[in-house]
Amino acid sequence: MAILSTRRPLLPWHTDMLLIPCPYCGDRAEIEFTYGGEAHVARGEDPSALDDEKWSEFLYFRKNPKGPHAERWRHVHGCGRFFNVVRDTTTDVILASYEIGATRPDLGSFRSKERE
Amino acid sequence: MSSAFRAAAGGRIDRNRRLHFTFDGTPFQGYAGDTLASALIANGVHLVGRSFKYHRPRGIFSAGSDEPNALVGIGRDETHYTPNLRATQVELVEGMKAESQNRWPSLRCDLGAINTLLAPLLPAGFYYKTFMWPNAAWASIYEPMIRRAAGLGRAPRAADAARYAHVYAYCDVLVVGAGPSGLTAALAAASAGARVIVADEQGELGGSLLSDVSANIEGKSASSWVAETLAELSTYPDVLLMPRTTAFGWYPHNFLGLCERVSDHLGEPPAGLPRERLWQVRAKEVVLATGAIERPLPFPDNDRPGIMMAEAARSYVNRYAALPGTRAVVATATDSAYSVALDLQATGIEIAAIVDIRSSSGEPWLSRVRRAGIDVRFQTRIAGTRGRTRITSASLAPISGAGRQETMACDLLLMSAGITPSIHLFSQSKGRTIFDSTLQAYIPAHSLEHERSAGACRGIYHLPPAMADGYGAGAIAAKLACGREAPPRRFEVIADNVGRSEVIRSTAPSKRPSRVWIDFQNDVTLKDIELAAREGFESIEHIKRYTTTGMATDQGKTSNMNALTAVAHVLSKRPTDIGLTTFRPPYTPTTFGVFAGPSRGELFDPVRHTPIHHWAAAENAVFEDVGLWKRARYFPIAGETMAAAVARECRTVRTNVGMLDASTLGKIEVVGPDAAEFLNRIYINDVSRLETGRTAYSVVLREDGFILDDGIVARLAADRFYVTTTTGGAHRVSALMEDYLQTEWPHLNVWLTPVTEQWTVVAVQGPRARATLEALVEGIDLSTMPHMAVREGRISGLPMRLLRVSFTGELGFEVNVSAEHGEAVWQAIYDAGRGYGVVPYGTEAMHVLRAEKGYIMVGQETDGTVAPADVGLGWMIGKIKADFIGKRSLKRAAFAAGNRKQLVGLMTTNSTKVLEEGAQVVADPSQRIPMTLLGHVTSSYMSAVLERSIALGMIRAGRARLGNRLYVPMRDETVEVEVVSPVFYDRPGARLNG
């Protein structure tokens with residue numbers, strides 16, 4: 001039985017105990033990660049060229065979907081790398097994990113797969 | 001000990017180990033193996049508590065964690081006191097002191113019982129309706145009164161002396177529940193070679209088998225089979241058997257919280273054992289074998305002491321040899337209660353009658369009870385009961401409603417209205433349930449997590465298939481978890497079928513619904529539920545909250561299905577149309593202690609000490625918490641007040657020299673061919689034009705244009721920078737840099753290394769700072785080293801980075817040395833400075849000194865809505881830079897608006913008056929409330945050097961108000977201030993170049 005102690009208390013209302021697949025280190029407990037918000041929100045090469053509407057879209061507007069969601073995580077207490085994860089926001093099931101810069105998988109394909 | 005209520009033989013108690021305990025001060029005796037509830041029953045005690053709302057006398061109702069009534073407070077003293085424990089789960093120990101709850105002055109004579117007479121005034125939602133006026137009385141009178149009258153146990157009066165531990169564990173298969181299905185699941189997984197944890201909430205593993213005296217398993221009695229099975233499981237090195245361990249919560253990805261009660265059952269525990277352990281278990285596969293809970297029968301006055309669940313009575317007589325009465329009426333809608341009647345009769349309890357609401361019952365039970373001479377009444381209901389603190393009789397009436405009632409004397413009434421599978425953990429795991437109309441219950445249908453249910457918790461009640469189901473589930477779980485097969489195994493089981501039950505639409509319609517209890521713990525009656533339905537509540541989630549049914553500490557384990565059935569009946573809907581309320585962790589009440597674990601007192605948070613800490617502590621420094629750091633706030637000499645010490649430290653820095661431990665500043669080493677380009681995009685100033693050997697004060701913005709942090713950027717070489725952050729911003733800035741480097745500009749060749757703890761920083765500030773350092777420093781010409789320069793050299797023979805920077809406005813240096821040499825170098829500088837009158841100064845003097853110069857503190861002058869120009873740092877922005885974080889946002893119109901809050905100085909007319917930080921500033925103090933607020937005071941101190949108070953503030957269009965009089969309205973007075981420049985001392989800045 002692999003047993004190690006941890007200081008982080010588990011509270012009955014906590015739900016932040018995901019098992020997250022870091023593409024570099026493998027499955028690790030959520031306690032080792034920080035959340036980085038929605039993935040694939042590109043800052044753009046030249047922000048100064050954007051009008052106010054485009055810029056505020058980048059700054060403030062996020063998808064918040066019910067279902068598969070591409071989001072960033074950082075394995076801060078591990079390799080320190082950022083990477084992307086597709087997580088179903090209704091079930092917390094993690095559907096994919098891939099490196100920064102890789103193309104986002106088709107979220108629709110997850111939706112249909114989940115229905116099966 | 002001889003008691004009329006203890007069977008002469010049988011049970012699993014140890015009759016050689018007699019235990020003494022008290023209940024409400026009365027001494028009693030029991031045996032090892034008793035629960036508090038079974039020991040009380042064996043002493044003829046049923047009245048154990050008063051109900052939540054009406055203070056009705058209540059008795060022991062169940063034999064397990066579903067107990068709604070028998071809540072007790074237990075503890076040998078206040079430091080070991082725990083309220084609201086279920087007596088049915090508390091294992092008896094020598095010297096136990098237990099007390100009843102929610103009664104005054106005593107359990108038998110409770111004044112709160114007057115609420116029973118007031119019941120017509122206390123319907124569902126009564127506090128929303130009754131206590132409406134006057135509004136002010138709610139907070140001062142009604143709420144405190146209701147809180148005192150209602151409620152359960154009291155909080156302990158002293159801090160918990162017990163210790164709690166945390167454990168993190170992994171396994172292939174976690175089996176929750178060690179009844180017949182759980183044990184066979186464990187056997188299968190263990191024999192397949194899986195790492196197995198078996199957790200069960202009871203003191204003994206075995207579940208229902210411990211109360212079963214009739215089953216024969218593999219040629220043995222149920223209890224012998226349990227003993228042999230546990231012995232077999234113990235031979236596997238990778239099987240962990242955990243009694244007294246409640247799996248209370250399911251968290252995503254097969255992560256379960258288990259609470260192990262380690263030492264309460266030992267009485268005075270041996271030193272070194274914690275009271276409880278929190279197990280955080282990540283299991284590859286989980287087998288839920290959580291069993292099922294019997295449903296009470298709703299009839300008028302079904303809550304008197306002496307009325308209990310049929311299966312609970314079976315446990316008391318068979319497992320504990322405790323007799324819950326002498327003459328029992330068995331009220332049932334199930335066949336299983338017939339076998340309970342036979343078990344009770346075998347111990348000498350007279351069965352007055354079996355009162356069956358159905359029109360027939362199954363075989364072989366009917367023949368058996370008839371052979372045993374038991375009177376069976378079909379289509380008969382309980383119309384009411386009598387007995388104040390213990391049932392004395394039950395009234396029987398035909399189900400049709402017509403016909404005469406018959407009164408039957410009894411001191412025990414057993415009820416059974418069917419079985420509810422325990423799907424709590426399954427539901428927490430977000431599995432989907434379906435309503436099984438045959439079982440009239442919700443059962444697991446579709447799993448989301450790596451989990452399967454086995455046995456009674458998925459509606460398989462009969463022992464032979466339940467054991468086979470458990471074995472099969474354990475085998476599949478082991479196969480999925482570690483790819484190994486369990487050998488096929490059959491269990492030869494001879495056991496009676498549990499038969500069928502019939503759910504009787506909320507039981508018969510009652511003429512007295514106000515007396516039919518649905519939720520015993522929260523005192524919710526059928527009438528409350530009918531009322532809620534009549535008032536328009538249709539969703540079970542709304543009815544639950546309005547009536548509070550199922551919201552007590554038992555989470556409605558015994559009441560939910562009856563409530564659901566009642567609602568369905570009143571609304572003429574099917575149960576599936578009403579929905580099922582959500583089960584949430586914890587499954588049973590769990591102590592705060594086990595969640596806190598070791599994180600309390602000194603261990604509540606980690607503490608960070610700088611290398612100078614011990615020196616400062618020896619100099620009697622007073623420390624303050626800054627994040628997790630302990631920072632020296634001031635160094636009082638011989639009984640000095642804080643004000644006196646700070647004034648002395650400030651004066652000495654302005655006249656001679658002072659030393660500050662600045663080691664807590666965040667530090668990041670930025671290296672690489674693209675380091676300058678990278679920092680150019682991070683900071684607002686033009687870092688690319690910073691020459692090697694020079695430093696710059698700069699600011700980092702968030703992408704929305706507001707100030708995130710500030711610090712020094714020092715260029716050590718063309719491709720190497722050493723940057724500092726605020727103490728609290730170290731992690732934030734480092735995370736921001738990593739984010740942009742990894743995700744936005746991965747093509748830049750830069751390496752970032754946080755080095756906060758690698759360097760000790762000694763700030764040496766004051767006109768005699770150079771003189772102090774001169775003798776110690778090698779390889780750097782201090783006399784020609786200009787302000788805002790950085791040099792590498794040696795101090796006391798040790799490698800050093802020396803920055804000439806100032807957060808005081810005086811000539812200043814920051815000595816950076818390896819942390820391992822920090823204290824030695826500090827001491828060397830201190831010794832060298834003695835001849836120049838050096839003092840150590842703390843963070844408080846640092847604040848005053850920087851405020852005298854109008855230097856901002858991020859987080860004090862800024863609050864996440866402040867742009868560089870607002871605090872007078874607009875000049876710093878590199879105008880020709882193509883891009884930096886936040887640049888685009890600064891072009892937004894809002895930043896150019898004239899009425900933004902701007903940093904100014906505020907000088908009180910009364911020079912001794914020190915403003916309160918955070919106070920609001922107005923132009924017209926006589927304006928009616930709500931006044932027009934112009935801004936607020938951000939920093940305020942008494943300045944020793946200026947011999948008057950000073951303050952900084954963020955004021956709308958503040959720079960245009962220079963010379964204006966404004967006002968700071970306080971509780972007792974209104975303080976007049978003048979708006980001035982934020983730089984109070986040495987406005988030309990000549991002292992920096994001293």
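**Surface of chain A.** I began with the accessible surface of chain A, which comes to about 6,400 Å². Carbon and sulfur atoms hold 51% of that surface. I keep in mind that this is a predicted model.

**Burial in chain A.** Next I looked up how many residues are buried. Chain A has 116 residues, and 38% of them are buried.

**Fold of chain A.** I listed the secondary structure. I found seven strands and two helices in chain A. I then read them in sequence order and wrote down β-β-β-β-α-β-β-β-α.

**Contacts in chain A.** I took the contacts between residues at least 6 apart in sequence. Of these, 48% join residues at least 24 apart.

**A sheet in chain B.** I moved to chain B. There I traced an open sheet of five strands, in the order S17-S24-S18-S19-S20. The pairing is parallel. Which strands form the edges? I noted S17 (307–309) and S20 (376–377) of chain B, each of which pairs on one side only.

**S17 and S24.** I checked how S17(B) joins its partner. S17(B) pairs with S24 (residues 412–416) of chain B through three bridges, in the parallel sense. B:Met309 stands opposite B:Met415, which belongs to S24(B).

**Helices on the sheet.** Helix H7 (residues 310–320) of chain B packs on the sheet and touches S17 and S24 of chain B. I read an angle of about 85° between the directions of H7 and S17(B). Then I turned to helix H8 (residues 336–346) of chain B. Helix H8 lies across S18 (327–332), S19 (350–356), S20 and S24 of chain B. The direction of H8 is at about 175° to S19(B).

How values were computed:
Residues are numbered from 1 along each chain as its sequence is written. Chains are lettered from A and ligands numbered from 1 in the order in which they are written. This is a predicted model: local features need pLDDT of at least 70, side-chain atom pairs count only at pLDDT 80 or more; totals for chains, interfaces and linings use all residues. Side-chain values use heavy atoms; hydrogens and water are left out. Helices (H or I, at least four residues) and strands (E, at least two) are DSSP runs, numbered from the N terminus. Buried means under 20% relative accessible area, exposed over 50%, partly exposed in between (1.4 Å probe, protein chains only). Contact means heavy atoms within 4.5 Å. Accessible areas come from the Shrake-Rupley method with a 1.4 Å probe; for residues, only the protein chains shown count as cover. Two strands pair if DSSP finds at least two bridges between them. Axes are lines fitted to C-alpha atoms, for helices over the stretch in contact, and angles run from 0 to 180 degrees between N-to-C directions.
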